[in-house]
Amino acid sequence: MESSCPSTPRWNLDRPFLTGRFHQEIKGTSRLAADAKGFPSDSFSSGLENPIGCYDAAVQELIAIDDLLFALVGIEGRYISIKRVHGKADVVSFQVDASMDLALQELAKRIFPLCESFLLIDQFVESRSQFKNGLVNHAFAAALRAFLLDYQAMVAQLEHQFRLRRLSIQGLWFYCQPMMGSMQALSTVIRKVSANNYAGSTVLNLLQSQAKAMAGDGAVRSLLEKMTHSASNAYLSILERWIYEGVIDDPYGEFFIAENKSLQKESLTQDYDAKYWRQRYSLKKDIPSFLANISSTILTTGKYLNVMRECGYNVQVPVSENSKLMTFGSNHQYLECVKAAYEFASGELLSLIKEKYDLIGKLRSIKHYLLLDQGDFLVHFMDIAREELLKRHDEISVEKLQSLLDLALRTTAAAADPCHEDLTCCVERSSVLKGLSRLKDLDIKNVSHSNDLEEPISITGLETFSLSYKIQWPLSIVISRKALTKYQLIFRFLFHCKHVERQLCGAWQMHQGVRALNYRGTAVSRSSLLCRSMLRFINSLLHYLTFEVLEPNWHVMHGRLQTAKSIDEVIQHHDFFLNKCLKECVLLLPELIKKVEKLKSLCLQYAAATQWLISSSIDITKLDEQSDGCVGSEKSKQWKAKNPSKAQKVMTRNSAVTESIIKFEREFNAELQSLRPILSSSSQAEPYLTHLAKWLLGVGNDQ
């Protein structure tokens, strides 16, 4: 995440005397001036001094100690110089006059690593104190600056001893020993930070890993742990505000939680993928190692607090002195603080959504309408909207359907539901199977290897009509666009099954209306049996969907929601309920749902042809009655002989009606029986298919 950092003042870069490296720049400038005037450049570096080798050993030692004391704080002496490594601007080395006594040279070279470490650390402190390097580097540089004060105090004490003539070069080496390991360990960390331009959590991880690597040196490890704690203070202050207030106060983009401000809460009711809840706040790759195991808990805690703040509630986790996140260590006190903050935020949000916004009541209301738990309004609506629903889906007036839906809701028991005003209607552009193919998160089997998702040539409002629901924040976290889409797919399947059932009931009523007539010898009786078989099929299917799938799964989900400990658990249980319902309603099995759709299509075709079948049979009966009584008697034969055209008409129509019914019966039974191998092959892996087979295949066995 990009962050706007204040710019470092130019004077901090343009005036070298304010930095610890001015001696090098001045030396380089002096040499250039000397060359221009014709003076030998060595005269400026050595101050016109004689080579140190012309003095005796005792004097050389005093001069070497004096130069080493300067070198320890990054300043050149008379016979010890600082050289830059060619091609590496940040790397320097110390060199000693070659004429110096060899024993003194060896002791001086042992101290040079300490001098080089000081220069490296001092340069790092100056460079990493700039704004752009972030709070962790600022805090680390401040801790190093405090450490260098102790180091410089040590050098000052050594200088005091030297002035009192109490310091030898061996003594200088001895007194530098304790500081040598610490400075080298810090130099190792600094080189890695500088080479990779580390910031934020990567600096903390590097310090921690280096401290663990120094387990054999207690003093160095203690120093690195102290540096880690100092550098982490600023980071923990960001963390503290996130888990206690739900606010990311991260001016330099160092925190391991990223915020995507382009995602707004309103997108939950429009975006099927529900990216807001998953991507508005997300984890980055660089997470401090001491927070890695609880990073998801930290993320969730702040998200919960954000939801409440979006609802207008300024909820803040109660903070005491014991819950301040200003340090971390082996006592894991910070883990307890995070856990306590999570439990508070989770409990507050869950209570808010369940009690104030009545999540369970809203879900129950959706169950009444979209899962057809409360069907009286639907019966009334299907009666008054029949004419509009029979139109092509692109010719339907959604406004008219909405007014008819409102009328149905106001004139039935649904009027007592305070949530009924949130119910709206819509007309989709594709069939149920086509809509299922767009659900990326669902495991639709064999969808890419079949033609199961072919769109019907002409679909009406009965196949594309759907209900929707107005969901407000924060309930949209649970009942998102994705969840509503799944509810709508189940509703459309149930709605069409209800339509098929109503059509077959109408056909059955027509059959019952002609029972008093004498239809012996006609196809009416056979048609009545077929109608009953089709009704048993659709009623069995609806019974399975409602009482074997939706109701049991709803009660399981309801019980789980009552005991849920967090809103994420609520979302998980709700999504599991919807996915399980879609699966057990066979909507995720294209091969099987295709068979069911074919059977429903046959039922609708038969119901539409019922009036013609019965009226034709009645006409046949009337023609037979004109033959003076009993069918098959001698008088009947005489009548048929006298009226051959009418007799032929009776036989032709009776044959056509019978053939039509036999054709419907044959196709229906064939499709029904073709379900058996499909259900049998998958019933072992999917037990719910055994229940479906029991209900559906029992229809064919009754005939």
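Helix 14 passes helix 19 in a right-handed crossing, where right-handed means that the near helix is turned clockwise from the far one by less than a right angle, and left-handed that it is turned anticlockwise. This is a predicted model, in which local features need pLDDT of at least 70, side-chain atom pairs count only at pLDDT 80 or more, and totals for chains, interfaces and linings use all residues. Residues are numbered from 1 along each chain as its sequence is written, and side-chain values use heavy atoms, with hydrogens and water left out.

**Helices that pack together**

- Two packed helices are described by the angle between their axes and the distance between the axes.
- Helix 14 (residues 376–384) and helix 19 (residues 481–513) cross at roughly 70°, and their axes come within 12 Å. That makes helix 14 roughly perpendicular to helix 19 (65 to 115 degrees; under 35 is roughly parallel, over 145 roughly antiparallel, and the rest oblique).
- Helices and strands here are DSSP runs numbered from the N terminus, with at least four residues (H or I) for a helix and at least two (E) for a strand. Axes are lines fitted to C-alpha atoms, for helices over the stretch in contact, and angles run from 0 to 180 degrees between N-to-C directions.
- Another pair to look at is helix 5 (residues 102–128) with helix 7 (residues 169–196), packed at an angle of about 40° with axes 8 Å apart. That makes helix 5 oblique to helix 7.
- Helix 5 passes helix 7 in a left-handed crossing. Their contact has 19 nonpolar, five polar and three charged residues (Ala, Val, Leu, Ile, Met, Phe, Trp, Tyr, Cys and Pro count as nonpolar, Asp, Glu, Lys and Arg as charged, and the others, Gly among them, as polar).

**Aromatic rings and charges**

- The whole structure holds 15 aromatic pairs; rings of Phe, Tyr and Trp (its six-membered ring) pair if their centres lie within 6.5 Å, with planes under 30 degrees apart counted as stacked, over 60 as edge-to-face and the rest as tilted.
- The ring centres of Tyr-235 and Phe-255 are 5.9 Å apart and the planes stand at 55°, so this pair is tilted. Tyr-235 belongs to helix 9 (residues 218–245), while Phe-255, 20 residues apart from it, lies in the loop between helix 9 and strand 3 (257–259).
- Tyr-235 and Phe-255 are both buried (under 20% relative accessible area; exposed is over 50% and partly exposed in between, with a 1.4 Å probe and protein chains only).
- Phe-381, Phe-465, Phe-491 and Phe-495 are linked into a cluster by ring pairs.
- Arg-110 has its charged end over the ring of Trp-173, 5.9 Å from the ring centre. A charge sits over a ring if NZ of Lys or CZ of Arg is within 6 Å of the ring centre and within 35 degrees of the ring normal.
- Lys-356 likewise has its charged end over the ring of Tyr-357, 5.9 Å from its centre.

**Backbone details in loops**

- Trp-473 and Pro-474 are joined by a cis peptide bond, with omega about 10°. Pro-474 is in the loop between strand 6 (465–469) and helix 19.
- Asn-197 is not a glycine, yet its phi is positive, near 55°. This residue is in the loop between helix 7 and helix 8 (201–213), and it is exposed, at 54% relative accessible area.
- Asp-358 also has a positive phi, about 50°, without being a glycine. Asp-358 is in the loop between helix 12 (333–356) and helix 13 (359–370), and counts as partly exposed at 40% relative accessibility.
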